[in-house]
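This report describes the protein shown below.

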Amino acid sequence: MNSILALAGTSLLNNDRSTSAEDLEQRIPGFSMLQDFFKKWLRLDLTTLLTAAALMGAASTGAQSMQETGSKMYWWIVRFLTASISIAGNDRLNREVLNWLGAHVLLKKGTRILTANSESIRNDAWSYRRVSQERNDYHHEKRMPVQYLPTFGTTWFIHKRNIFMVRRILTSSSHYNSAWARTPDEYAGAPEGDEPLVIMCLGRSVEPIKRFLNTCREFADKQREAYITVRISKRSYDETWDTTILRPLRPLQTVHFDEKIKESLVADIDNYLDVNTRKFYNRRGIPYRRGFLLYGPPGTGKTSLSLALAGRFGLELYLLHMPSVRDDSVLEKLFTALPPRCLVLLEDIDAVGIKRRSRNRDDSSDTESDDDSDKSDSDSDLDRGRSNCTLSGLLNVLDGVASQEGRIVLMTSNFAEKLDKALVRPGRVDKMLYLGHISQRSSELMFLRMFGPDADGAAPADRAVQLPQDQLQQLALDFSKHILDDVFTPAQIQGYLLNYRDSPVDAAAKVESWVQEEVRMIEAAKEKEKKAAESKKKKRKERKRRKAAKLAEAMRDYDSDEDLEELRQRMKEEKKKKKGQKDETEEKVEDKDTTENKDKDKAEDEEKDEASSDKLDTGNATLGKTPNGVSDDKPAKDEVNAADENGAAAEVPETKTNGVGGGH
Ligand SMILES: Nc1ncnc2c1ncn2[C@@H]1O[C@H](COP(=O)(O)OP(=O)(O)OP(=O)(O)O)[C@@H](O)[C@H]1O
C-alpha cells in the first residue's frame with residue numbers, strides 16, 4: 001500500500017497522470033475500472049485522492065522524525081548546558097525538596113493545576129503544605145474535608161540567581177503503557193509525594209544544586225521544630241514503617257512529674273546523643289545504645305513523656321504497640337529499617353513472652369489446683385494482652401548482633417514487676433522511671449496550664465476573658481489543696497479539668513465534691529477487691545482441708561511403710577498424668593489461637609491504627625469516672641540506677657517512690 005501511495009505521489013509531483021494510471025493498473029488489477037467508477041458517479045479523480053493521502057502520510061512521518069530529532073536535540077542541550085542530581089522516591093531528601101517547592105514555588109505561583117485528596121496523606125512532604133481545614137465534629141461531620149494540593153511535572157524557578165528545573169518522574173507502569181504516556185506529568189496522575197526527582201541547574205557545576213539541597217534540608221528542619229514525626233507500621237504484612245503522623249510539639253513542661261527526675265532524664269539523653277559519648281562507646285567496644293523503661297499505672301504520662309522527649313531532642317519517634325506486632329520476623333524487619341538516630345517507643349512491653357512465663361509458673365508449682373487461685377488480678381490483666389513475639393525475639397532486636405546502634409529505646413509497661421529479668425538488665429534497660437499518681441503541686445501546674453493564656457498570650461478561643469494571673473494562681477492553689485497527694489492519675493485530673501474548660505472558677509469550686517465522690521468510689525473498689533481476695537483465700541483453705549482429709553482417709557487403709565510408699569508413688573504418677581493432659585490441652589488451645597490470630601490480623605491492623613491515633617490524640621479516652629490506676633503494689637524505688645554494659649554505673653541519682661511531681 002505504501003508503494004502505491006508513493007507511486008501516486010511521484011506521478012502527481014511529476015504531473016504525469018497517464019504513466020501513473022498505467023503503473024497503478026499494473027499493480028492493482030481493476031484500478032482503471034475503479035477510477036472510471038469514481039469519475040462517473042462521484043466526480044472524483046482517484047489518482048489525485050491517492051496522491052493527497054500519500055502526501056499527508058509523508059508529512060506526518062516527517063513531523064514525527066522532526067519531533068524525535070527535536071527531543072534528541074533538547075536532551076543534548078540539556079545535558080550540555082545543565083548539571084543535575086537525581087533523588088530516589090523513598091529518600092527523605094525527596095520529601096524535603098517537595099516540601100520546599102510547595103512552600104516557595106508552587107503555592108506562590110498561584111497554580112491553576114491542582115490535585116484533590118480526601119484521604120489521609122501518607123507523605124509528610126504534602127501534609128506540611130496542607131491548608132488546615134478543621135473537621136466540625138460538633139455537627140457530626142463524617143467526611144474528610146477535601147484537600148487541594150498543587151501538582152507539577154516539571155517546574156522552573158530561580159534560587160540564589162541560578163535557574164533550576166525540578167522534574168517529577170512518574171513511575172506508574174500504567175502511565176507508560178497507556179495513551180496517556182504523552183500527557184504532561186501534571187495531568188497524568190495525582191502525585192503521591194514519593195516519585196523520583198531530577199534537579200537540574202543551568203550551568204556545568206553541581207555546586208548550586210548542592211547548595212539548594214542544603215536549603216531544603218534547613219527549611220525542613222525548621223518546620224520539624226513545630227512537629228514531632230511519628231512513624232507507625234500500620235499494615236503488618238508490609239513490615240515497614242509505612243505511616244507518618246505529624247503531631248504538634250508537646251513541650252516537656254506540659255508533662256508533669258518530678259522535676260528532678262525529668263532533669264536527670266533530659267541530661268542523660270543529652271549526654272548520650274553527644275558526639276563524644278559515641279566516640280567513647282566506640283573506642284571501648286561498648287554497643288552505642290540506650291534503653292529506658294517507663295512504668296506505672298495507666299494514664300500517668302508514659303506516652304506523653306515519650307512524645308515530649310522526641311520533640312525536645314528533634315528525633316523521629318517510631319512507635320510499636322507490642323501486642324499488635326505479628327511475630328519475631330516482623331519485629332526484626334521493623335528494627336532493621338530504623339534510621340541510626342531515632343527514638344523507638346515500644347508500648348506495653350509486658351505483652352511479650354507471656355506464654356513462656358505462664359508455663360514456667362505452672363511447671364514450677366507444686367499443687368496445680370492452687371495455681372489459678374494464686375494468680376493476682378494484675379496477672380490476669382496481663383494475660384489479656386497477648387503478643388506473638390517471643391522474649392528472645394525482643395531481646396535479639398534490642399541488642400543482638402544485627403541490631404542498629406545509635407537509637408534510644410523507650411519501653412512502657414503497666415506491670416514492670418512482671419517483666420523478665422533478662423529484658424530489664426542493664427544494656428537493654430539502662431534506667432527505669434516510675435510515673436505514678438499526681439501530687440498537689442503537679443495538679444496546681446496542670447490547672448495553670450489548662451486555664452492560663454495560650455502560648456501567644458491570647459485567651460483560649462472559647463473564653464472571651466482571660467482571668468488575671470494572680471486570680472488564676474489563687475484558684476490553682478484552692479484547687480490543688482483538695483487534690484490528695486498520690487491518689488489520682490494525671491489523666492483523671494486532666495479529665496476533670498476538661499469538663500470545666502471554659503470556667504476555671506467552677507473547676508476550683510466543684511473540685512471538693514468531685515474528690516469526695518472519687519475517693520468514695522476508690523474505697524468501694526478497694527473493699528470489693530478485699531472481699532474477693534478473702535473469698536479466694538477461704539476457698540483455697542477449704543480445698544486444702546478437703547485434700548488433707550481425703551489423704552488421711554486413704555492412709556487409714558495402709559498399715560505398713562511399704563503400703564504408704566506405694567500410695568505415694570501412685571499419687572505421684574497420677575499427678576504427672578494430670579499435668580501431661582493439661583499441657584496437651586494448652587497446646588491445642590495455643591494452636592487454635594494461632595489460626596484465629598491469622599484471621600484476626602486484618603481487623604487487628606485496623607484496631608491498632610485506631611488505637612495509635614487515639615492514643616496520640618488528647619487521651620480523653622483514659623479519663624473515666626472509674627477510680628482506675630490505683631495500685632497498692634508500688635515499686636520500692638521509682639528509678640533504678642542501672643549499670644551499663646561493662647558494668648559501669650549509670651549516673652542518675654536515686655529518687656522517691658512517687659515519680660509524678662513528688663519533688664515539688
Ligand atoms: N504526667 C502527666 N502530665 C500531664 N498530662 C498527663 C500526664 N499523665 C497523663 N497525662 C494526660 O493523660 C492522657 C493519657 O496520658 P498517656 O497516654 O501519656 O498515659 P500512659 O501512662 O501512656 O497511659 P497507658 O499506660 O494507658 O498507655 C494524656 O492526654 C495526657 O495529656
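## Overall make-up

How many helices and strands does the secondary structure of the protein come to? There are 23 helices and 14 strands. The structure is a predicted model.

The protein has 664 residues, of which 27% are buried. Among contacts between residues at least 6 apart in sequence, 79% join residues that are at least 24 apart.

## Confidence

The model has an ipTM of 0.98 and a pTM of 0.61. The mean pLDDT of the protein is 75, with 67% of its residues at 70 or more.

Two stretches have pLDDT values below 50. One of them covers residues 355-385, for which the model shows 22 contacts beyond near neighbours in sequence. The other covers residues 611-664, where the pLDDT is likewise below 50 and the model shows 126 contacts beyond near neighbours in sequence.

## Nonpolar cores

The largest nonpolar core contains 52 residues, and the members that touch the most others are Leu 293, Leu 317, Leu 343 and Leu 345. Helix H12, residues 302-312, supplies the largest share of this core, namely five residues. In soluble globular proteins, nonpolar side chains tend to be buried together.

Leaving aside residues up to four places away in sequence, Leu 345 touches Ser 306, Leu 317, Tyr 318, Leu 319, Leu 320 and Leu 410.

## The crossing of H5 and H9

Helix H5 spans residues 92-106 and helix H9 spans residues 207-224; their axes come within 8 Å and cross at roughly 85°. Because angles of 65 to 115 degrees count as roughly perpendicular, H5 and H9 are classed as roughly perpendicular to each other.

On the H5 side, the contact is made by Leu 93, Glu 96, Val 97, Asn 99 and Trp 100. On the H9 side, the residues in contact are Leu 213, Thr 215, Cys 216, Arg 217, Phe 219 and Ala 220.

## Helix H3

Helix H3 runs over residues 31-42 and has twelve residues. From its first C-alpha to its last, H3 reaches 16 Å, close to the 16 Å expected at 1.5 Å a residue.

H3 is hardly covered, as one of its twelve residues is buried. Arg 43 follows H3 and has a positive phi, near 55°.

Key:
Residues are numbered from 1 along each chain as its sequence is written. This is a predicted model: local features need pLDDT of at least 70, side-chain atom pairs count only at pLDDT 80 or more; totals for chains, interfaces and linings use all residues. A nonpolar core is a set of buried Ala, Val, Leu, Ile, Met, Phe, Trp, Tyr and Cys residues joined through C-beta atoms within 7 Å. A residue is buried if 20 or more other C-beta atoms lie within 10 Å of its own, exposed if 12 or fewer, and partly exposed in between; C-beta atoms are placed from the backbone. Helices (H or I, at least four residues) and strands (E, at least two) are DSSP runs, numbered from the N terminus. Two residues are in contact if their C-beta atoms, placed from the backbone, lie within 7 Å. pLDDT is the predictor's confidence in each residue, from 0 to 100. The expected span of a helix is 1.5 Å times one less than its number of residues. Axes are lines fitted to C-alpha atoms, for helices over the stretch in contact, and angles run from 0 to 180 degrees between N-to-C directions. Angles under 35 degrees count as roughly parallel, over 145 as roughly antiparallel, 65 to 115 as roughly perpendicular and the rest as oblique.
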